[in-house]
Amino acid sequence: FDQELYKERYAIERTNAWMDSYRSLLNRFDTTIATWLGFNYLSFMAIFLKKMKSKKFK
């Protein structure tokens, strides 16, 4: 059992699960790669902001 490999794999799998919650990325009705990539960036920003909001800053 490799602890470091497990941590990396868990982070990737967790991120993939978060990305699955965005339907526009799953269905991919976009006609260009640029719009699909933009939706990916937008979803990562939304995930990041949700995580930052849940943290308690003093």
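Predicted model: local features only at pLDDT ≥ 70, side-chain atom pairs only at ≥ 80, totals over all residues.
Biologist: Which residues of α1 and α3 meet?

Modeller: From α1 come Thr15, Trp18 and Met19, and from α3 come Asn40, Ser43, Phe44, Ile47 and Lys51. Contact means heavy atoms within 4.5 Å. These residues divide into four nonpolar, three polar and one charged. Here Ala, Val, Leu, Ile, Met, Phe, Trp, Tyr, Cys and Pro count as nonpolar, Asp, Glu, Lys and Arg as charged, and the others, Gly among them, as polar.

Biologist: What makes up the secondary structure of the chain?

Modeller: Three helices and zero strands, in the pattern α-α-α along the sequence. Helices (H or I, at least four residues) and strands (E, at least two) are DSSP runs, numbered from the N terminus.

Biologist: Where is Tyr22, and what does Tyr22 touch?

Modeller: Tyr22 sits in the loop between α1 and α2 (23-27). Leaving out residues up to four places away in sequence, Tyr22 touches Ser43, Ala46, Ile47 and Lys50.

Biologist: How much of the chain is buried?

Modeller: Buried residues are 9% of the 58 residues. Buried means under 20% relative accessible area, exposed over 50%, partly exposed in between (1.4 Å probe, protein chains only).

Biologist: How should I read the numbers and values?

Modeller: Residues are numbered from 1 along each chain as its sequence is written, and side-chain values use heavy atoms, without hydrogens and water. Local features need pLDDT of at least 70, side-chain atom pairs count only at pLDDT 80 or more, and totals for chains, interfaces and linings use all residues.
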